[in-house]
Amino acid sequence: MSMTPAEDAWIAGDAYEPFIGRWSRLVAREFLAWLAAPPNICWLDIGCGTGALTAAILADTAPALVCGVDASPSYVAHARNVLSDRRAAFAAADARWLPLRSASADVIVSGLVLNFVPDAGLAVAELARVVRAGGTVAVYVWDYAGDMQMLRRFWDAAASQDDRARALDEGERFPLCHPRALEALFEAAGLRQVESRAIDVPTHFRDFEDYWTPFLGGQGPAPGYVASLSESRRVQLRERLRSELPPGSDGSIELQARAWAVRGMRN
């Protein structure tokens, strides 16, 4: 999707996977179980990224077809390369202006994307247009302000030593990381039977380096911020996090990632 700050850029699938992709896959399976959609239907995955949610749909729901859409051509290429399944198709497009017929999908989903769309209301209205009558639109976003702990710990540490970090903190910037805000967005698009829930998954890091190294990938708000720091400031932040994260007896770090999910039905 089009971003505002340069640090928000999401372009490289290989960097995304160790940073957020591995945890997104855990949320995706819980999300799909909650939707409990029937088999042999047509799905649309908006902002498919590297294909985490698309792969879960293929594995868990027996779909007739899944079309993954993302604004980044490189993400589309990555997903197409790793998901060689005749039931899957991919295309590059903007969530706000989908090149699709009205009422052409049975279920439309989107994982961890809506916060990064410049006009989320326009995007949800577009999803409501494309889903068929009686079909479901559902999305999930990280609880940036609360229990997406790997990022919450990062931004709290960064802000403690750099006021500039506060302006990039997703918990401050993204009001849609709360259930009532998501519900209101769906209701404004004319969707009915709107409901939300929390999805919590464990995030296990082998050691501190397993936690820290993905922040050096340079894409997304937190890695983008790290890339902007001088070497000395980067080391200072790293050591602050090392001192604050709770290691187990074997050096591993156990945190939790919470996503907020919302779903609604088209009349």
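1. A residue counts as buried under 20% relative accessible area, as exposed over 50%, and as partly exposed in between. With that scale, Asp60 is partly exposed, because its relative accessibility is 35%. Please keep in mind that this is a predicted model.

2. Asp60 is also worth a look for its partner: its side chain forms a salt bridge with that of Arg29, with an N to O distance of 2.7 Å. The two residues sit in distant parts of the chain, Arg29 in helix H1 (residues 13-35) and Asp60 in helix H2 (residues 52-60), 31 residues apart.

3. Next, the strands. Asp106 and Arg132 make a salt bridge whose closest N and O atoms are 2.6 Å apart. Asp106 belongs to strand E4 (residues 105-111) and Arg132 to strand E5 (residues 131-142), so this pair ties together parts 26 residues apart in sequence. Asp106 is buried, at 17% relative accessible area, whereas Arg132 is partly exposed at 32%.

4. Then there is the pair Asp163 and Arg166, where the closest N and O atoms of the salt bridge are 3.9 Å apart. The cut-off is within 4 Å, so this pair is counted. Asp163 is exposed, with 63% relative accessible area, and Arg166 is partly exposed at 49%.

5. Which residues are linked in a network of salt bridges? Glu209, Arg238, Glu239 and Arg242 are joined in this way.

6. For the overall tally, searching the whole structure gives 21 salt bridges. Among them are the pairs Arg29 with Asp60 and Asp106 with Arg132.

Definitions and conventions:
Residues are numbered from 1 along each chain as its sequence is written. This is a predicted model: local features need pLDDT of at least 70, side-chain atom pairs count only at pLDDT 80 or more; totals for chains, interfaces and linings use all residues. Side-chain values use heavy atoms; hydrogens and water are left out. Helices (H or I, at least four residues) and strands (E, at least two) are DSSP runs, numbered from the N terminus. Buried means under 20% relative accessible area, exposed over 50%, partly exposed in between (1.4 Å probe, protein chains only).
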